[in-house]
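This report covers a cavity, a helix and a loop residue in one structure. The sequence and the model come first.

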Amino acid sequence: MASALPEKMTADLTGREKAAILLIAMGPEKSAKIFKHLREEEIEAITLEIANTTTIRPELKDEVLEEFYQICLAQQYITEGGIAYARSVLEQALGESKAFEVISKLTVSLQVRPFDFIRKTDASQIINFIQNEHPQTIALILSYLRPQQAGEVLSSLAEDKQADVARRIAIMDRTAPDVIKEVERALEKKLSLLMMDDFATVGGVDSVVDILNAVDRTTERHIMETLDAEDVELSEEIRKKMFVFEDILSLSNRDVQKILKEVDAKELSMALKGSTEDLQAHIFANMSKRLAQMTKEDMDYMGPVRKTDVEEAQQKVVNIVRRLQEAGEIIVARGGSDEIVN
């Protein structure tokens, strides 16, 4: 049975009918790309709606497209400046009533990231705002900031707090929503927070690695030395993630040549078995033609190898890189660093 869309107004349409009109207007190629992101039952429902839709008034199609555009615009504003900012901009463009309607449609499924207000604040202001807070509170806040931003804040904390906060971020797993809200209230800020799950996953080793990659070398060294003394297992896990074998591609020819002098030939062949062609080319370019050819032949002669053996060999090379870096013999470019080497 054909859908009676010609007789309906936009306000009378269901979400499924609007989705069908939107996809019809976008055409099959773009619609197919959207379908890839939908659940199976959603695809079936919308496909059925499209199949039953035979006629769409041009003005109805335009109204649906305009509504879709407004919602996309609102989402962009929310991303840029939060809900309050989005509402303010939309009120100027659409009027208070229409802006409220658009924002209301979004908040049904919108999950605002905790501490969104502080993510848009200058790092120097954040430092003044949180430096006297408990290390656990600081760790929670930094876990939600951009790595570069969190790195700047961490670098500016008192030295006796830096490693403590970094450790707390690394071992942080899940934080209950009521705790997050309590911290936000303690900071006298309000956010629109709609939690879809019972817990929010934050922090972890990857989080602290991203932050440490953004701090200056002095701060990083102090934090890692403290963690070495207090939690060897955790510090080693962090170190393993701070520089990976493929990162050698970003090193200068001079530094690669220094590394190759320290690496066992067979270990290098094994490590290269699991690397990209670009990295292999970068390394071969820093070897003599004869040695490069011997290494390639050695790799071919090995045949299939176990992934664990490749990873072990790569880690040995990474350890050499780390040792040379700590000795100041090579330079590993890192975010947030302003060191100058002549």
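Phe245, Ile248, Val256, Ile259, Leu260, Leu268, Ile283 and Val317 line the largest cavity of this structure, which is a predicted model. The volume of the largest cavity is about 30 Å³, and the structure holds one cavity of 30 Å³ or more. Sorted by class, the lining consists of eight nonpolar residues, with no polar and no charged ones. Helix H15 contributes the most to this lining, namely three residues.

One of the lining residues, Ile283, is also among the buried residues of helix H17, which spans residues 277–284.

| Helix | Residues |
|---|---|
| H18 | 289–302 |

Is Val305 buried, exposed or partly exposed? Its relative accessible area is 30%, so Val305 counts as partly exposed, since buried means under 20% and exposed over 50%.

Apart from neighbours within four places in sequence, Val305 is in contact with Met270, Lys273 and Val310. Of these, Met270 is 35 residues from Val305 along the chain, and the C-alpha atoms of Val305 and Met270 are separated by 8.2 Å.

Definitions and conventions. Residues numbered from 1 in each chain as written. Predicted model: local features only at pLDDT ≥ 70, side-chain atom pairs only at ≥ 80, totals over all residues. Heavy atoms only, no water. Helix = DSSP H or I, 4+ residues; strand = E, 2+ residues; numbered from the N terminus. Buried < 20%, exposed > 50% of the residue type's maximum accessible area, 1.4 Å probe, protein only. Contact = heavy atoms within 4.5 Å. 1 Å grid on protein atoms, 1.4 Å probe; cavity = no way out; pocket = protein on both sides within 12 Å on 5 of 7 lines; lining within 4 Å. Points joined across faces, edges and corners; volume = space filled by probe spheres on them. Nonpolar A, V, L, I, M, F, W, Y, C, P; charged D, E, K, R; others polar.
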